[in-house]
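Reader: I want to learn how to read pockets in a model. Can you take me through this one?

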Amino acid sequence: MKLSNRNDLPLQPDWIGSDSSVHKSKRISLKNIIVALLLSIIFFLIFCFVALHGFIAWVLSNPTVAPLYSNPKLAKNLDYYNISFPAADGSRMMQGWYIPADSSRKTIVFSHGYGANREENWIPMYDLAHYAHRLNFNVLMFDYGFAAGGSKEVATGGKKEAQQLLGAIQYAKQHEGDELIVWGFSMGAGTALQAALYSKDIDAMILDSTFLLEPDTMYHNIRQHIDLPRHPSLEIIGLLLPVLNGTSLRQIPYQAVKTEDYPFPILFVHGTKDDKAPYPIAEQLAENQTNPISDVWIVKDSHHELIFREHPKEYLRLVSSFLGRVEAAMGSDSP
């Protein structure tokens with residue numbers, strides 16, 4: 001019997017090579033699955049992170065505003081007219097109230113804040129309107145576009161609102177408005193500062209809890225609700241805002257406002273416990289003013305837009321003194 005040559009024998013069985021290939025293929029497949037799973041988780045987390053910022057930008061653009069619940073006659077027995085007037089850029093018609101004072105040629109235009117309408121009841125606005133009327137001022141109260149009943153307009157941090165306030169100022173000037181004061185609150189105060197960059201019709205301003213939409217204050221407000229990193233959160237929201245409300249932060253002239261020395265007197269009122277607009281911004285704005293009548297009142301332990309409610313006597317005393325100085329200065333300037 002002929003024995004096979006040792007070299008003719010296979011080195012290993014065929015099944016051994018096949019099994020190795022199967023195991024290798026399984027290892028590659030498992031690796032691919034793990035990589036795909038990790039990538040899916042990463043992309044999902046990125047999507048959630050961006051979506052969260054999109055929600056924040058949407059909320060900023062779409063404040064919830066309660067409907068009007070009263071009027072000057074019911075609230076304070078003040079006779080008034082329903083008025084409408086165009087925004088200065090003609091983009092929309094504005095709705096408001098005009099409360100005339102007997103034989104008066106001086107007017108206060110109220111500029112309400114974010115998330116409120118012309119009533120802004122937590123101030124409360126009716127009390128201040130009544131007070132202004134007792135000082136023989138005509139009073140104009142109106143709703144910004146985002147606060148108007150039935151409106152689908154978004155809040156733009158002052159871009160559109162400044163044009164709407166300018167429309168109110170033009171209406172007041174045309175109706176016994178030889179002396180015109182803008183009294184603004186929160187974002188309405190920041191909007192007043194923006195509008196004043198383009199108007200020569202404002203004789204003085206009272207600005208309570210000034211909120212100016214800029215990266216610092218926007219991030220400060222976000223941090224009140226959720227602890228997000230400053231970067232890239234500001235950059236993401238900055239990219240999303242133009243998509244959701246048509247306004248870029250670059251379109252809000254906050255840098256110009258923060259360096260402007262306005263030609264008319266301004267009274268800044270701010271609380272040290274303001275959790276929406278840190279009070280150093282009011283101090284900085286006040287420092288820029290060289291008008292001798294301009295003043296600033298930083299109220300210890302007072303809160304955002306609640307200073308009048310918390311310190312009513314001091315508040316009205318200061319406002320009355322300021323308005324008296326404005327009127328005296330305007331009288332001395334007249335021929």
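Author: Start with the lining. The largest pocket is lined by 37 residues. Leu60, Tyr114, Asn221, His225 and Lys276 lie nearest its centre. The model is predicted: local features need pLDDT of at least 70, side-chain atom pairs need 80 or more, and totals for chains, interfaces and linings use all residues. Residues are numbered from 1 along each chain as its sequence is written, and side-chain values use heavy atoms, without hydrogens and water.

Reader: What is a pocket here?

Author: Rolling a probe the size of a water molecule over the atoms shows where empty space is left. On a 1 Å grid over the protein atoms alone, a pocket is an open set of points where a 1.4 Å probe fits, with protein on both sides within 12 Å along at least five of seven lines; lining residues have an atom within 4 Å of a point.

Reader: Which helices supply at least two residues each to the lining of the largest pocket?

Author: α1 (14-61), α6 (215-223) and α7 (230-245) do. α1 gives the most, with seven residues. Helices are DSSP runs (H or I, at least four residues), numbered from the N terminus.

Reader: How much space lies in the second largest pocket?

Author: About 210 Å³; the largest pocket holds about 810 Å³. A volume is the space filled by probe spheres set on the points, which are joined across faces, edges and corners.

Reader: Which helix gives the most to the lining of the second largest pocket?

Author: α7, with four residues. α6, α7 and α8 (254-259) each supply at least two. The lining includes Pro215, Leu234 and Arg250.
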